[in-house]
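This report describes one protein chain for a reader who is new to structures. Please look at the sequence and the model before reading on.

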Amino acid sequence: MHIRLVKSDKKRFLDLLLLADEQESMIDRYIKRGDLFVMEEKGEAKAVAVVTREGQGVYELKNLAVAPACQRKGYGRMMVEHVWHYYADCRTLLVGTGDSPLTLPFYHSCGFTYSHTLPDFFTLHYDHPIIEGGMQLKDMIYLKRERQNPKRDSAAPVAETEP
């Protein structure tokens with residue numbers, strides 16, 4: 001299993017990206033400016049993540065998706081940890097998600113805490129209701145993971161990069 005940074009033709013991973021953000025026009029808003037990481041085993045994509053730089057030391061995990069057959073095996077957590085260590089200047093990593101019992105516990109277990117809420121985000125920005133865990137998502141819940149000691153974890157792993 002290895003994680004690499006994808007520099008071109010990022011939309012070839014659209015099927016995975018749509019698992020985490022089910023409207024392609026929303027993915028189009030961040031995929032070009034974001035870094036796309038893919039976790040692969042024997043040439044098969046197991047997980048993807050898209051991260052954007054939002055400001056000085058602030059990054060946002062815009063998309064994190066794991067192939068259905070690979071879920072609940074630690075791949076999502078490995079991807080979060082990879083992203084966390086990849087950006088040496090990252091002081092704060094944000095993630096926006098729905099108020100869902102399927103995703104909030106996962107991010108809390110990865111060290112994220114509540115940051116803020118964007119009311120009605122899903123109802124205003126998506127062309128159809130987003131249902132997760134049997135409930136319609138309405139508000140975007142932002143979580144943050146902050147580096148307590150910026151010098152900690154300075155030996156960050158580096159992803160392979162496509163030519």
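## Confidence

The structure is a predicted model. The chain has a mean pLDDT of 91, and 91% of its residues reach 70 or more. Within the chain, confidence is highest in strand 4 (residues 58-66), with a mean of 98, and lowest in strand 10 (residues 160-161), with a mean of 54. The pLDDT falls below 50 over residues 152-156, a stretch that has 7 contacts in the model beyond near neighbours in sequence. Where pLDDT is low, the predicted coordinates should not be read in detail.

## Nonpolar cores

The largest nonpolar core has 41 residues. The members that touch the most other members are L36, F37, L61, M79, L93 and F112. Another core, of 9 residues, lies apart from this one; L94, Y126, L137 and Y142 are among its members.

Which residues does M79 touch, not counting those up to four places away in sequence? They are I3, F37, V38, M39, A47, V48, A49 and L64.

## Aromatic rings

A pair of aromatic rings is described by the distance of the centres and the angle of the planes. The model contains 9 aromatic pairs. Two of them are set out in the table.

| Pair | Distance between centres | Angle between planes | Arrangement |
|---|---|---|---|
| Y86 and Y87 | 4.9 Å | 85 degrees | edge-to-face |
| F121 and Y126 | 6.3 Å | 65 degrees | edge-to-face |

Why is the pair of Y86 and Y87 called edge-to-face? The planes of the two rings stand at 85 degrees, and an angle over 60 degrees counts as edge-to-face, so the pair takes that name.

The residues of these pairs can also be described by their accessibility. Y87 has a relative accessible area of 5% and is buried. In the other pair, F121 is buried at 14%, and Y126 is buried at 11%. Y126 also belongs to the core of 9 residues.

Y86 and Y87 are part of one aromatic cluster together with F37 and Y59. F37 is also one of the residues with the most contacts to other members in the largest core.

R147 lies in the loop between strand 9 (140-146) and strand 10. Is R147 buried or exposed? R147 has a relative accessible area of 8%, so it counts as buried.

The charged end of R147 sits over the ring of W84, 4.0 Å from the ring centre. The side chain of R147 also reaches the backbone oxygen of W84, at 2.8 Å. The backbone oxygen of C90 is reached by the R147 side chain as well, at 2.7 Å.

## Two threonines

T52 is part of strand 3 (residues 44-55). Its relative accessible area is 0%, so T52 is buried. The side chains of T52 and E54 make a polar contact of 2.4 Å. Apart from neighbours within four places in sequence, T52 is in contact with Y30, R33, G34, V58, Y59, E60 and K62.

T92 is in strand 5 (residues 92-98). The relative accessibility of T92 is 12%, so T92 is buried. Leaving aside neighbours within four places in sequence, its contacts are G57, V58, Y59, K144, R145 and E146.

Y107 belongs to helix 4 (residues 104-109). With a relative accessible area of 8%, Y107 is buried. Beyond its neighbours within four places in sequence, Y107 is in contact with L61, L64, V95, T97, F112 and L143. L61 and F112 are also among the residues that touch the most other members of the largest core. Y107 and K144 are 37 residues apart along the chain, and their C-alpha atoms are separated by 9.2 Å.

Where is D127 found? D127 lies in the loop between helix 5 (121-125) and strand 7 (131-132). D127 has a relative accessible area of 64% and is exposed. The side chain of D127 makes a polar contact of 2.6 Å with the side chain of H128. From D127 to M39 the C-alpha distance is 30 Å, and the two residues are 88 residues apart in sequence.

Note on methods: Residues are numbered from 1 along each chain as its sequence is written. This is a predicted model: local features need pLDDT of at least 70, side-chain atom pairs count only at pLDDT 80 or more; totals for chains, interfaces and linings use all residues. Side-chain values use heavy atoms; hydrogens and water are left out. A nonpolar core is a set of buried Ala, Val, Leu, Ile, Met, Phe, Trp, Tyr and Cys residues joined through side-chain atoms within 4.5 Å. Buried means under 20% relative accessible area, exposed over 50%, partly exposed in between (1.4 Å probe, protein chains only). Contact means heavy atoms within 4.5 Å. Rings of Phe, Tyr and Trp (its six-membered ring) pair if their centres lie within 6.5 Å; planes under 30 degrees apart count as stacked, over 60 as edge-to-face and the rest as tilted. A charge sits over a ring if NZ of Lys or CZ of Arg is within 6 Å of the ring centre and within 35 degrees of the ring normal. Helices (H or I, at least four residues) and strands (E, at least two) are DSSP runs, numbered from the N terminus. A polar contact is a pair of N or O atoms within 3.5 Å; within protein, one must be able to donate a hydrogen and the other to accept it, and residues adjacent in sequence count only if both atoms are side-chain atoms. pLDDT is the predictor's confidence in each residue, from 0 to 100.
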